[in-house]
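Keep the sequence and the 3D view side by side as you read.

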Protein chains: 2
Amino acid sequence: MTSARAGIDVGGTKCLGVLIDEDGAVIAEERRPTPQQGDALIETLAEVVGALGTMATIGIGVPGLITLDGVLKASPNLRMIIDLDVTERLSERLDRRISVGNDATCATLAEWTVGAGRGVSDLVMVTLGTGIGGGVVAAGHLVVGANGFTGEFGHMVVDPHGLPCPCGRRGCWERYASGSGLAQLARTAAVGGRLRRVVDVAGGDAHAVRGEHVQAAAREGDDGALAVIDDFARWVALGLVNLTNALDPAAFVLGGGLAEGADLYLDPIQRWFEELLYSPRLRPHPALAFAELGERAGAIGAAMYAGDRQRPA
Amino acid sequence: MTSARAGIDVGGTKCLGVLIDEDGAVIAEERRPTPQQGDALIETLAEVVGALGTMATIGIGVPGLITLDGVLKASPNLRMIIDLDVTERLSERLDRRISVGNDATCATLAEWTVGAGRGVSDLVMVTLGTGIGGGVVAAGHLVVGANGFTGEFGHMVVDPHGLPCPCGRRGCWERYASGSGLAQLARTAAVGGRLRRVVDVAGGDAHAVRGEHVQAAAREGDDGALAVIDDFARWVALGLVNLTNALDPAAFVLGGGLAEGADLYLDPIQRWFEELLYSPRLRPHPALAFAELGERAGAIGAAMYAGDRQRPA
């Protein structure tokens, strides 16, 4: 009997499946485009499972609000799919037990077990992508919350008079500290005429400026771009400080698309963190690490999540 | 041999000691004024222990940043005392083992075990007093954090352009949602001429307005006072929403001096909570409960905290 565990991360554009061995190493991988409709999504997941081969357990990581029973209530990345009982539907389709969890919770489990947060009992993972998600490990336990909804960090309000958020509120953290937040900060500066080099890199249109253009100009040493990154870093640090005041983690693991610009962000985030933390000189500061498992973190964690739940008692 | 456990809560003005039985019921109580100097504090704690009688374990709850080894780094309520090794000093003085923890963490443990949060696996306690503190129970475990500093909720920044805080930052949550926050919101409205009845209750001086005057006028149905309470409730809800997005607790326990006005605050806090929560219609909302153990919560919890740590393995 195999001990391999399968995990699939359902992303906004692709479903990434992996098979991992006992040590968490990836031994097979499959990808499919993500359908934007419930029936088709279940079918695609079944296909990925079939293509991965033989496995002891199956776990699925899904973005959005996922109940403890594995029902997808709603997801900003899967707008057409509401109240889909992924656990029941896929279990029936495959005629075997599966487990479903939040994608960022799964990624946290993976980084905690075999990634940048190995061996840390109090850990917060923050994924800086289009939005902001994440997960919490506290007192040596993965925290899923009363309903499975921990880690919706992006909608912590950090400025009640701030930018409107599609969620209906104002000043949500992800309006500033995510990939779209960086782009927004950059466009505001560009339209104000403060980012000539960045606008050049973006092809001459201030409204077309995106995070990658800021990064490119910052790597050339452009002052305007570096100022935007400093502003962005201040917003990232503000949220990390709030989480530190609440949870006192030993480390943060920063993941998501923004982790790719780690070399540009790490120093200014550290500097602002020390500026904003309560009693900074009287306490150890949490380590800031960037995620190690890249785009596979969610799938690896989904496999581990299922392994935890489907192990014989 | 007795199974009674002693706990002492070190407050800004008084040290409150209790002896609890196996069920957590209080069987003896002692009070002393809190000295504002380290040597005298240790002596007072030893006196309280002596007066409480015979006990199996001794725990102390101290406000501020307390390390896992029981060193008081600094406390806003004990300004003259810095870097006091309470564990070592008091253990030596009594010639027996003691345990030291943060006062709000202890109060959380007490409310979770025998108070308003009984049996809840994912719980956040928030103490609304002069400042804001609290504690976290996640996945059925009391969370103390990597350094023992969880629950410093009052210094989560909720408005980076907001009111200056004595801690050196701007817009800390406790500038708005604490007892002093309520008084500040009220004075601003009073000085602006919007609180005639409240100013009357305060003796005619707008600058003398405090939270209790707002409460008294609100109980008479005064519109101005009710508007201040609504504004205050919005700030309380904002922080609770941020903690819900991060931790997804099943319940909040609200403690501290403000819990006494529970009847005035509960409805508006609930209303604003639903307004500010991410995806409010797709998820169960955490219960809002007011603390049940009153001023004894910290002492009862300190006794339980010690019991956990001094039990024979």
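This is a predicted model: local features need pLDDT of at least 70, side-chain atom pairs count only at pLDDT 80 or more; totals for chains, interfaces and linings use all residues.

Residues are numbered from 1 along each chain as its sequence is written, while chains are lettered from A and ligands numbered from 1 in the order in which they are written.

**Confidence**
- Chain A has an average pLDDT of 93 (the predictor's confidence in each residue, from 0 to 100).
- The ipTM is 0.94 and the pTM is 0.94.

**Where chain A touches chain B**
- Chain A gives 41 residues to the contact and chain B gives 40 (in contact: C-beta atoms, placed from the backbone, within 7 Å).
- H8(A) supplies the largest share of chain A's side, seven residues (helices are DSSP runs of H or I, at least four residues, and strands are runs of E, at least two, numbered from the N terminus).

**Strand E1 of chain B**
- E1(B) spans residues 5–10, and six of its six residues are buried (20 or more other C-beta atoms within 10 Å of its own, C-beta atoms being placed from the backbone).
- Side chains in a regular strand alternate between the two faces of the sheet.
- Here Arg5(B), Gly7(B) and Asp9(B) point one way, and Ala6(B), Ile8(B) and Val10(B) point the other way.

**Its partners**
- E1(B) runs antiparallel to E2(B), joined by six bridges (strands pair if DSSP finds at least two bridges between them).
- Three residues separate E1(B) and E2(B) in a hairpin.
- Ala6(B) sits opposite Leu19(B) of E2(B).
- E1(B) also pairs with E4(B), in the parallel sense, over five bridges.
- Arg5(B) has Thr57(B) as its bridge partner in E4(B).

Note on methods. Two residues are in contact if their C-beta atoms, placed from the backbone, lie within 7 Å. A residue is buried if 20 or more other C-beta atoms lie within 10 Å of its own, exposed if 12 or fewer, and partly exposed in between; C-beta atoms are placed from the backbone.
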